[in-house]
Amino acid sequence: NDTTYVEAARVWAGRLVALPDDEARLHQLLSAATARAPEPRELASLKTTLAKSRAHFTAHQADAEKLIAIGEAPRPANLDPTEHAAWTTMCLLILNLDETLSR
């Protein structure tokens, strides 16, 4: 992913974390990208991926800081770097689906 693409995911993630909980965030993420609600199996898979991403960035804070520093858009100071990086990863995942890519 190039810088602009990662930056777009980072900014999107910063907006998603304003939603009340993970389920609402995941629904918004997938529906905004695909114009449909997630299926139960997709939601379960996304929750598992989110948990793994959080675990990774909790154990590797430098990776989280590096990811959320990409691009020129300002970074919300009130966001936890681990959470912001985990949601940035989720946004990148969804943006890279065949379903969301323009060819």
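On this tour, contact means heavy atoms within 4.5 Å. One thing to keep in mind as you click is that this is a predicted model.

**Stop 1: helix 4.** Start by selecting residues 61-68, which make up helix 4. Now color Ala64, Leu67 and Ile68, the buried residues of this helix. Turn the view until you look down the axis: these buried residues fall within an arc of 85 degrees, so they line one face of helix 4.

What covers the buried residues of helix 4? Show helix 1 (3-16), helix 3 (40-59) and helix 5 (81-95), which are among the elements covering them.

**Stop 2: Thr82.** Stay with helix 5 and pick threonine 82, which is found there. Thr82 counts as buried because its relative accessibility is 7%, and the cut-off for buried is under 20%. Leaving aside neighbours within four places in sequence, display its contacts: Arg54, Phe57, Thr58, Gln61 and Ala64. You have already colored Ala64, as one of the buried residues of helix 4.

**Stop 3: the core.** Next comes the largest nonpolar core, with 25 residues. Select Leu29, Trp87, Met90 and Cys91, which have the most contacts inside this core. Helices 1, 2 (22-34), 3, 4 and 5 each supply at least two of the core's residues, and helix 5 gives the most, with 8.

Apart from neighbours within four places in sequence, cysteine 91 is in contact with Ala9, Trp12, Ala13, Leu16 and Leu29.

Definitions and conventions
Residues are numbered from 1 along each chain as its sequence is written. This is a predicted model: local features need pLDDT of at least 70, side-chain atom pairs count only at pLDDT 80 or more; totals for chains, interfaces and linings use all residues. Side-chain values use heavy atoms; hydrogens and water are left out. Buried means under 20% relative accessible area, exposed over 50%, partly exposed in between (1.4 Å probe, protein chains only). Helices (H or I, at least four residues) and strands (E, at least two) are DSSP runs, numbered from the N terminus. The arc is that of the directions from the helix axis to the C-beta atoms. A nonpolar core is a set of buried Ala, Val, Leu, Ile, Met, Phe, Trp, Tyr and Cys residues joined through side-chain atoms within 4.5 Å.
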